[in-house]
Amino acid sequence: MNKELVETIKIYTTKTHKELNDYLINKPSDNMVQMLIDLLTMYINDKNSSTIREFITVTLAGYMHKESKIGYNGFKQDVFISGQTINCEAKPKNFNTEEFNKYKRKERSTSPAKLNGSGNFSDYTPERLIKNLNEKDLNMLVSGFVDGKLIYIIEFPFVCENFINNLKNKLNKWLSKLEGSKTRKGQFLRSADFTYKDFFECKNLKISYILSKKELEEYKSYISKDFYNFLEDKAK
């Protein structure tokens with residue numbers, strides 16, 4: 001992080017907005033551009049927050065982003081049914097090439113997982129699955145980034161049979177481990193995960209965004225082989 005961005009953040013968090021404005025007002029435009037780039041780079045690659053990746057996934061897929069952590073990630077009006085809302089659940093993944101380079105330099109023992117159309121539901125339960133299934137219109141948005149660069153956005157209905165069967169299997173295995181427990185209150189399946197293999201055959205699957213074949217090839221090393229072939233077939 002450059003020194004001017006550090007100072008800007010310090011002023012923003014400890015002083016008034018007027019003092020921040022006075023500090024920034026006479027900064028050369030090149031400095032301002034570099035600070036903005038540094039800030040975006042840091043924010044979009046944040047391992048502990050996917051907010052900006054979620055925002056761009058939802059927005060580019062044609063939905064309005066919902067900032068609330070409760071409920072779905074976005075919505076749009078149904079063009080065929082007046083007053084009907086279509087919701088979306090976004091699952092963005094970011095591949096950090098520096099972690100991959102650490103593995104190649106033997107500074108970490110395992111290679112980071114490559115992009116494979118994966119995602120997961122945290123703290124999932126059978127009740128939440130039923131709620132999702134009862135939603136009239138709910139779509140999944142699965143996206144992948146490499147160092148903050150958007151590679152793809154795949155959209156498909158939550159009710160896709162293979163996708164639902166995967167979630168049911170994960171929940172059933174979890175429930176079997178809880179046999180004998182007096183109560184499930186406060187207990188959740190920590191991660192109900194999936195990959196592209198659980199949705200690539202879904203009816204009404206849509207590619208909302210994808211790089212061109214030429215651009216996609218530049219990121220081939222960071223995408224699992226089978227999934228890359230799937231994306232390449234969809235790209236132009």
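Which helices are included in what covers the buried residues of helix 1? In this predicted model, the cover includes helix 2 (17-24) and helix 3 (29-44).

Helix 1 covers residues 3-14, and its 12 residues reach 16 Å from the first C-alpha to the last, which is close to the 16 Å expected at 1.5 Å a residue. The buried residues of this helix are L5, T8 and I11. Seen down the axis of helix 1, these buried residues fall within an arc of 125 degrees, so they line one face of the helix. On the other side of helix 1, the residues K3, T13 and T14 are exposed.

The N-terminal end of helix 1 is capped by N2, which has a side-chain oxygen lying 3.1 Å from the backbone nitrogen of E4. E4 itself counts as partly exposed, because its relative accessibility is 25%.

## Salt bridges

Side chains of opposite charge can pair when their charged atoms come close. A search of the whole structure finds 11 salt bridges. One of them is formed by K27 with E4, and the closest N and O atoms of this pair are 3.2 Å apart. K27 lies in the loop between helix 2 and helix 3, whereas E4 lies in helix 1, so the pair ties together parts that are 23 residues apart in sequence.

Another salt bridge brings together the side chains of E89 and K91, with 3.6 Å from N to O, and both of these residues are buried. E89 also forms a salt bridge with R128, where the closest N and O atoms are 3.9 Å apart. This second pair links distant parts of the chain, since R128 is in helix 6 (residues 126-134) and E89 is in strand 3 (residues 85-95), 39 residues apart. Elsewhere, salt bridges that share partners join K47, E99, K102 and R108 into one network.

## The disulfide and a separate cysteine

How many disulfides does the count come to? The count comes to 1 disulfide, and it joins C160 to C202, with an S to S distance of 1.8 Å. The link of C160 and C202 is left-handed, with -85 degrees about the S-S bond. The pair links distant parts of the chain, 42 residues apart: C160 is in the loop between strand 6 (149-157) and helix 7 (161-177), and C202 is in the loop between strand 7 (189-194) and strand 8 (206-210). C160 is buried, with a relative accessible area of 10%, and C202 counts as buried at 8% relative accessibility.

C88 is buried, with a relative accessible area of 0%.

Is T57 buried or exposed? T57, which has its place in helix 4 (residues 51-60), is buried, with a relative accessible area of 0%. The side chain of T57 makes a polar contact with the side chain of S143, at 2.8 Å. Leaving aside residues up to four places away in sequence, T57 touches A90, P92, L141, S143, F145 and I153.

Notes:
Residues are numbered from 1 along each chain as its sequence is written. This is a predicted model: local features need pLDDT of at least 70, side-chain atom pairs count only at pLDDT 80 or more; totals for chains, interfaces and linings use all residues. Side-chain values use heavy atoms; hydrogens and water are left out. Helices (H or I, at least four residues) and strands (E, at least two) are DSSP runs, numbered from the N terminus. Buried means under 20% relative accessible area, exposed over 50%, partly exposed in between (1.4 Å probe, protein chains only). A polar contact is a pair of N or O atoms within 3.5 Å; within protein, one must be able to donate a hydrogen and the other to accept it, and residues adjacent in sequence count only if both atoms are side-chain atoms. Contact means heavy atoms within 4.5 Å. The expected span of a helix is 1.5 Å times one less than its number of residues. The arc is that of the directions from the helix axis to the C-beta atoms. A salt bridge is a side-chain nitrogen of Lys or Arg within 4 Å of a carboxyl oxygen of Asp or Glu. A disulfide is a pair of cysteine sulfur atoms within 2.5 Å.
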